[in-house]
Amino acid sequence: MLFKLFTAPMHLVKKVGEKVQEEADQELYDLNTIQRKLVELQTMYELGEVSEQAYEQQEAELMDRYEIAKQKELEQWEELTKQKDEDDT
């Protein structure tokens with residue numbers, strides 16, 4: 001019991017850190033968010049609000065994140081399929 005009193009703050013900090021990481025991953029690797037940002041960037045470029053160099057740099061960053069997000073989605077799908085196959089057998 002006494003041990004839990006001393007370790008509770010560390011567990012709380014750990015949980016907060018995990019939540020922050022989860023939110024950051026959601027923002028960075030959410031496909032809908034990335035697609036929305038690509039459309040916004042394209043619109044800003046067409047309206048002349050960003051230079052061609054800035055547009056190309058930001059587009060490349062977003063496309064890299066998109067590829068990572070698609071890879072994560074594929075891995076999750078494969079894991080779910082694997083679990084379903086194991087449950088069926």
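**Glu73 and the chain around it**

At 37% relative accessibility, Glu73 counts as partly exposed. The model is predicted.

User: Which class does Glu73 fall into: buried, exposed or partly exposed?
Analyst: Buried means under 20% relative accessible area, and exposed means over 50%. Glu73 has 37% relative accessibility, so the residue counts as partly exposed.

User: Which helix does Glu73 lie in?
Analyst: The protein chain has 3 helices and 0 strands. One of the helices covers residues 52-88 and holds Glu73: helix α3.

User: Which side chain does a polar contact join to that of Glu73?
Analyst: The polar contact has a length of 3.1 Å. Its partner for the Glu73 side chain is that of Lys70.

User: How far apart in space are Glu73 and Asp30, C-alpha to C-alpha?
Analyst: In sequence, Glu73 and Asp30 are 43 residues apart. In space, their C-alpha atoms are separated by 9.6 Å.

User: What is the radius of gyration of the protein chain?
Analyst: Along the sequence the pattern is α-α-α. The globule rule gives 12 Å for 89 residues, and the chain is well over that, so it is more spread out than a compact globule. Its C-alpha atoms fill a box of roughly 65 × 45 × 15 Å along the principal axes. The radius of gyration is 20 Å.

User: What share of the residues in the protein chain is buried?
Analyst: Here buried means under 20% relative accessible area. Of the 89 residues, the buried share is 12%.

User: How far apart are the mean positions of the positive and negative charges?
Analyst: The protein chain carries 11 positive and 23 negative charges. Their mean positions are separated by 10 Å.

Note on methods
Residues are numbered from 1 along each chain as its sequence is written. This is a predicted model: local features need pLDDT of at least 70, side-chain atom pairs count only at pLDDT 80 or more; totals for chains, interfaces and linings use all residues. Side-chain values use heavy atoms; hydrogens and water are left out. Helices (H or I, at least four residues) and strands (E, at least two) are DSSP runs, numbered from the N terminus. The radius of gyration is taken over C-alpha atoms; the globule rule is 2.2 Å times the number of residues to the power 0.38. Buried means under 20% relative accessible area, exposed over 50%, partly exposed in between (1.4 Å probe, protein chains only). Lys and Arg count as positive and Asp and Glu as negative; His and the chain ends are not counted. The place of a charge is taken as NZ of Lys, CZ of Arg, CG of Asp or CD of Glu. A polar contact is a pair of N or O atoms within 3.5 Å; within protein, one must be able to donate a hydrogen and the other to accept it, and residues adjacent in sequence count only if both atoms are side-chain atoms.
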